[in-house]
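Please look over the sequence and the structure below before reading on.

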Amino acid sequence: MASRPAPAPGLPAGQAPAVGLTPPAAARPGEPPSVHHVLLCVALPALAVSPEHGQLTGRGLEGVYASGRRLLARSVLRVAGRQPLALQGRQAGADRAVFLSVVRTAGDIGPDPGISVERSRDAEGTERITLRSSAGRPLRIPVEVALGTDLADLGAVAAGRAGPELAASVHGTGMRWTGGDGRYAAVSADPSPTDALAAAGILRWEVELAPGASRTIELRVRGDRAPRLSGAVGPATGRPGGVVLADARAEGDDPRLGELLRVSLDDLRALLQRDPAHPSDVHLAAGVPWRCGPVTAEALWAARLALPLGTRLAVSTLRALARTQLDRPGPAAGRIPGPLRDAGPFLPPRCTGIEATLAFPAVLAEARRWGLPEQDLMELLPAAERCLRWLRAAADAQGFVPDPGPAGPWRAETQAHAHRAALLGADLLDGCGRPGGDDWREWARALRERFRTEFWLDDRSGGRPAAALVPGGRPWTQLGGWAAHLLDTGLLGGGRYAPGLLDKAATEQLARLLGTPALDSGWGLRSLGAKEPGHNPFGHRAGAVRVHETAVAVAGLAAAGYEREAASLLRGSLDAAEAFGYRLPEMYAGVLRTAGAVPVPHPTACRPAAVAAAGAVHLLTALVGIRPDAPGGTVALHPVRSAPLGAVRLSGVRVAGEPFAVRVSRLGLGMVEEAADGLQLGV
């Protein structure tokens, strides 16, 4: 006798996954489950993780979460005694997904199903189940939903330690579950079910459908009133009267630009969160589902890349980081704390706190150029000065900044961040009437000279920058996407970019290297070149394509005049975005692009991710070439002259606090269509 297959995890006996869609294999305990094939609905602190078929089975991360706690793990629909045949699952927005399926009834003639089912589920778990009849006769059909939860924390779910489902009790028009700590979750239904079976967690209805009619059942999930670590932020405001992210739009010959910006904006808004202790400030979660905690270096990076959408996000992110700044006497004074992060197969982890400390004065200086209000500038200036004092104290006798500690290594990327902090910090001090600007420019000049001597490795092919110097002065030579930061020099006044660590010849050589197939995968920039030892196309710092690094490379190459290389990376990124439904993950596999191929996802990449969504904004800004100088009353336009994507119009961005619109023709000529009163066109 053939044995019956065991039910899928989270499904009662006798219930199988939706017909036609095979669920992914369950992750081993301690191994993060794959999130690529799920639909993530996000409106932090709320989150819903659904498979493409729409049935919540409790497998992997599936479920509805609030503040990191799973309120609902299982929601399995049966119509007329069977699970609907799943046809399609799609994102209908950052916070909502829609699932379409059909059901054949006993009286259906031929292959055509008589009932269609649409399920709409949002981030907070509200679900609308709509049944539509195409049958030629009235129908009376049983509908049931099997519900369950474990009230497990997201970390425990990800590690495979969620625990068993809790016993349900009938509560009002639905079900309720209570954990051992007294916290609870409840589901209510409208209309009220005709029957409720607490032992199985099942709600039942008898639905009558006339020919051509439809009926909707709505389920609502809610949890207890325990304090939240963060609070939801509406799409427009972070503090009364303050716009967080502008309603920018892109249009042109390539319609994909508009879709990319629309989805990226949607994702950025979904990732906004606030700390109840400081409700006027918001910042971005680094990414869903893994990194929704306190403000991070990634949040600051994203705020910088999103400056064209307004300065409000940058201000509140900087303010949140300033509150964490170390103020005790000693060598750490002025540093922003942060965790260590993997740096690839050869170097020790790097310190994200050092990255945030060096980014702080640069982001504040660039926000000033975009139109940061004076009050916010003066509030944050002391924290920026403390960051600069830490930088001077942290640099060694040669002027290099070790990362993560005094024993090194000395990373090229960290020196680029330090150089940018010095030059933009000098610009900031000058603009605010504070002393020290000339000293910082001299410090940066000396760093450039030492960097060109110690970090540039000459060879017969033209040379390359070293990724790092390890103790003893030995260079680590592997080339990767980190090198894009050498081109990210920072915005000064008058539409000028600050000088970089590399001279003209080295910049030209680096541009050539970034354009080779070893680094340009065809879908974006690899974090480690394909020919380098230790290359792994799925490695976070060992070969995967990291979206924000590609965006930084595109902007840096375009600003330096290397448009061919910039355009190749730009097209590859846009093609990848289209393949991912314009919701770019934080990274994807650095597999070489071939004819007819699509980008290969990374199984555990955050999607949406703050730096990826903000990176899309940065790509568009680089394409049209907006270089604002609000204190100087000017804005310069330096679009990519080759117009690699044809004509494009970008509107609704903010310069000097007012709407700004620019159009770039197919000939690469830019024209301002809307700007703040008194803002002049610079050179």
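Which residues does Ile129 touch, not counting residues up to four places away in sequence? In this predicted model, the residues that Ile129 touches beyond that limit are Leu77, Val117, Glu118, Arg119, Val145, Arg215, Thr216, Ile217 and Leu219. Ile129 itself belongs to strand β10, which covers residues 127–133. Ile129 counts as buried because its relative accessible area is 1%, and the word buried is used for values under 20%. Glu218 stands 89 residues away from Ile129 along the chain, and yet the C-alpha atoms of these two residues are separated by 6.3 Å.

The largest pocket holds about 850 Å³ of space. It is lined by 39 residues, and those closest to its centre are Gln273, Cys292, Gly293, Pro294 and Val295. Two or more lining residues come from each of the elements α3 (297–305), α4 (312–322), β23 (340–341) and α5 (352–370), and among the contributions to this lining the largest share, three residues, is that of α4. When the lining of the largest pocket is sorted by class, 21 residues are nonpolar, eleven are polar and seven are charged.

Of the elements, α10 gives the most to the lining of the second largest pocket, namely six residues. By class, this lining divides into 19 nonpolar, nine polar and four charged residues.

The largest nonpolar core has 168 residues, and the members that touch the most other members are Phe360, Leu391, Ile626 and Phe660. Taking Phe660 as an example, and again leaving aside residues up to four places away in sequence, we find that Phe660 touches Ile626, Val635, Leu637, Leu650, Ser651, Gly652, Val653, Val655, Val672, Glu674, Ala675 and Leu679.

Key:
Residues are numbered from 1 along each chain as its sequence is written. This is a predicted model: local features need pLDDT of at least 70, side-chain atom pairs count only at pLDDT 80 or more; totals for chains, interfaces and linings use all residues. Side-chain values use heavy atoms; hydrogens and water are left out. Helices (H or I, at least four residues) and strands (E, at least two) are DSSP runs, numbered from the N terminus. Buried means under 20% relative accessible area, exposed over 50%, partly exposed in between (1.4 Å probe, protein chains only). Contact means heavy atoms within 4.5 Å. On a 1 Å grid over the protein atoms alone, a cavity is a set of points where a 1.4 Å probe fits but cannot get out, and a pocket is an open set with protein on both sides within 12 Å along at least five of seven lines; lining residues have an atom within 4 Å of a point. Grid points are joined across faces, edges and corners, and a volume is the space filled by probe spheres set on the points. Ala, Val, Leu, Ile, Met, Phe, Trp, Tyr, Cys and Pro count as nonpolar, Asp, Glu, Lys and Arg as charged, and the others, Gly among them, as polar. A nonpolar core is a set of buried Ala, Val, Leu, Ile, Met, Phe, Trp, Tyr and Cys residues joined through side-chain atoms within 4.5 Å.
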